[in-house]
Amino acid sequence: VYHAMEFAQQQADLVAQARQEEVVAKSKSVQQQMYSKLEELHNAYKKAKLRVNEMTSEREAWERDKQEIQEKFAEKSRQKRKLEEMFDTLKNENEQLKIRKTG
């Protein structure tokens, strides 16, 4: 009877150990899946952050280009006004000369 009880206890211990090993194996599998997902997420984050940095740099370059173009436009507008003023002055002088010649 004692050997039968000892055998039953050993069998119960083996079953418990097998279940524990199964739980450990499953938890290791889940842990590995979680690490894989975490790594995937981290890589996606790094990729997105790099893209944001690229877009920020691109936007800043566009802003610099826009500022440069606005400054060039302002300068060309000043030059145009100055040329128009000079043209009007010459036109008026020419009209005055014509009046003097005919007068």
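Me: Is Arg51 buried, partly exposed or exposed?

Reply: This is a predicted model, in which local features need pLDDT of at least 70, side-chain atom pairs count only at pLDDT 80 or more, and totals for chains, interfaces and linings use all residues. Residues are numbered from 1 along each chain as its sequence is written, and side-chain values use heavy atoms, with hydrogens and water left out. Buried means under 20% relative accessible area, exposed over 50%, and partly exposed in between (1.4 Å probe, protein chains only). Because its relative accessibility is 44%, Arg51 counts as partly exposed.

Me: Which residue meets Arg51 in a salt bridge?

Reply: A salt bridge requires a side-chain nitrogen of Lys or Arg within 4 Å of a carboxyl oxygen of Asp or Glu. The N to O distance here is 3.7 Å, and the partner of Arg51 is Glu54.

Me: How far apart are Arg51 and Glu54 in helical turns?

Reply: Helices (H or I, at least four residues) are DSSP runs, numbered from the N terminus. Both residues lie in helix 1, and because they are three residues apart, their separation is about one helical turn.

Me: What are the closest N and O atoms of Glu68 and Lys72 apart?

Reply: Glu68 and Lys72 lie in helix 1, four residues apart. Glu68 is partly exposed at 39%, whereas Lys72 is exposed at 51%. They form a salt bridge whose closest N and O atoms are apart by 3.2 Å.

How values were computed. Helix = DSSP H or I, 4+ residues; strand = E, 2+ residues; numbered from the N terminus.
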